[in-house]
Amino acid sequence: MAYSFLWAALFGYLATRRGLPGQSLSAVDLRGRFRMRFARILIAGLTFLSSIFTVGVNGAFAAGEASVWEPPVRIPAEREWILAVDPFYGWLPGFNGNVQVFGGSRVNVDVSVTDILERLGTYVDLLDGLYMGSGELRHGRYGLQWDLVYMNVSGSTEFGNRIKGAADIGFKLTMGTLAGNYRFYETSSSHVDAIAGLRVTEVGLDIVATLGPLGATRSGEAAWLDPVVGIKGRHQLGENWYVKGSALYGGFGVSSKRIYDLSAFVGHEWVNGAELYGGWRLSSTEYKKGAFTWDIDLSGPMVGLTFKF
């Protein structure tokens, strides 16, 4: 660019002052001198305009190249707010353990996932209410997560060793967890969070037991609050596929003797932030107060769809 301007200035100076190199002005008349000077001025002006045009074109290309290769501006992770919501996930747990209502006998419950699948229509008919959802609000390394499970089901089971009996059991289960988390480990493909929070559990039981010609009905409700701690993590397998899991433990004798909740999933994430995942979840609670007992393991496959905002 500098050379073009210098060349234009030098050429214009020579044209107006001394003529073109190698040419004498003494051999031309006044009219010829006027024509010659006009031509020289015209050539100098065109040369100068050409240099300006060249500079403009080069600048335009340089700006175009800069816009193409300039990386996109991204808000730092510490300043981002992310909301991930799973409005309704599907969990099909089997039930194993025992329950007892005030003044009644302890009843064993053993319904596997296979039993549910083989008689899915029957269990759907026994299902009076169901909701399962979760979510997380995150800002940088800190997050607030929640999970809610509500089931209202009924079924039949047998009990007794020497003398057999049967019982019709109906129960309502509400299990809600609210916890904070902190991301203490993070790489480009993995992260791990520590979790601490509370879980509230509410159980309503109705048991109609028959032993030969005898029968009895027992019902009761209980609600309790437990602290929980745990860990969760995620590892990216590729551009879209990932694995994730979590482990919670709680109770510590505060209300429940013990609680543990384990899960492991494989998922796929689309560019718009939606994620589809599937895996297995096991949630176990051992609670006993007086003659009320809820010692149940819930275990089964789980699928869900998460949306990020």
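Predicted model: local features only at pLDDT ≥ 70, side-chain atom pairs only at ≥ 80, totals over all residues.

Reader: What volume does the largest pocket have?

Author: The volume of the largest pocket is about 1,400 Å³.

Reader: How many residues line the largest pocket, and which lie nearest its centre?

Author: The lining comprises 48 residues. Those nearest the centre are Glu136, Arg183, His191, Lys232 and Arg234.

Reader: And by class, what is the lining of the largest pocket made of?

Author: There are 20 charged residues in that lining, together with 16 polar and 12 nonpolar ones.

Reader: Turning to salt bridges, how many are found in the whole structure?

Author: The search of the whole structure finds 14.

Reader: Which residue forms a salt bridge with Asp261?

Author: The partner of Asp261 is Arg199, and their closest N and O atoms are 2.9 Å apart. This pair links distant parts of the chain, with Asp261 in strand β11 (residues 258-269) and Arg199 in strand β8 (residues 190-211), 62 residues apart.

Reader: Is Asp261 buried or exposed?

Author: Asp261 is buried, because its relative accessible area of 5% is under the 20% cut-off. Arg199 is buried as well, at 2% relative accessibility.

Reader: Back to Arg234 for a moment. Which residue does Arg234 pair with in a salt bridge?

Author: Arg234 pairs with Glu269, the closest N and O atoms lying 2.8 Å apart. Here too distant parts of the chain are linked: Arg234 belongs to strand β9 (residues 214-236) and Glu269 to strand β11, 35 residues apart. Both Arg234 and Glu269 are buried.

Reader: Where in the chain are Glu286 and Lys257?

Author: The side chains of Glu286 and Lys257 meet in a salt bridge at 4.0 Å, N to O. Glu286 is in strand β12 (residues 275-289), whereas Lys257 is in the loop between β10 (241-250) and β11, 29 residues apart.

Reader: Why does Lys257 count as exposed?

Author: Lys257 counts as exposed because its relative accessible area is 59%, and the class begins over 50%.

Definitions and conventions
Residues numbered from 1 in each chain as written. Heavy atoms only, no water. 1 Å grid on protein atoms, 1.4 Å probe; cavity = no way out; pocket = protein on both sides within 12 Å on 5 of 7 lines; lining within 4 Å. Points joined across faces, edges and corners; volume = space filled by probe spheres on them. Nonpolar A, V, L, I, M, F, W, Y, C, P; charged D, E, K, R; others polar. Helix = DSSP H or I, 4+ residues; strand = E, 2+ residues; numbered from the N terminus. Buried < 20%, exposed > 50% of the residue type's maximum accessible area, 1.4 Å probe, protein only.
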